[in-house]
Amino acid sequence: MTEAAVDGLIASSEALIAALDAHDIEAIEAALPLFGQSVAALKSPGVFNKTPGLSARLAEAMKLADSARARIRYLADRTQQRIDMLATAAGRFDCTPATYANTR
């Protein structure tokens, strides 16, 4: 793992977060592959050079990646709620449940 890999993760996380916050589909589609590549770069074997400040940069990168993950989960949940409301409005209770149901 190199500092360049950590910096790449930080940059791609910031780009993904900005795209998600702007609700810009094209920017999201462009940011996701870069984010995946930066995560893969961290996993690749190589020489690990522990330099001063690398731990702090890595902690920042992980915080940003987690922030992007939280936004994605929130937006996915919100989309599912909209689908449920549309199904309810259409009277299609067989498609998606509008409320929680105990299946026992």
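Is Arg 71 buried, partly exposed or exposed, and at what relative accessibility? I found Arg 71 partly exposed at 27% relative accessibility (buried is under 20% relative accessible area, exposed over 50%, partly exposed in between, with a 1.4 Å probe and protein chains only).

I noted that this is a predicted model, in which local features need pLDDT of at least 70 and side-chain atom pairs pLDDT 80 or more, while totals for chains, interfaces and linings use all residues. Residues are numbered from 1 along each chain as its sequence is written, and side-chain values use heavy atoms, without hydrogens and water.

**Fold.** I recorded 3 helices and 0 strands (DSSP runs numbered from the N terminus: helices are H or I of at least four residues, strands E of at least two).

**Salt bridges.** I listed 4 in the structure (a side-chain nitrogen of Lys or Arg within 4 Å of a carboxyl oxygen of Asp or Glu). Arg 71 pairs with Asp 21, with the closest N and O atoms 2.7 Å apart. This pair links helix α3 to helix α1 across 50 residues. Asp 21 is partly exposed at 46%. Asp 7 and Arg 57 also form a salt bridge, at 2.5 Å from N to O. That pair joins α1 and α3, again 50 residues apart.
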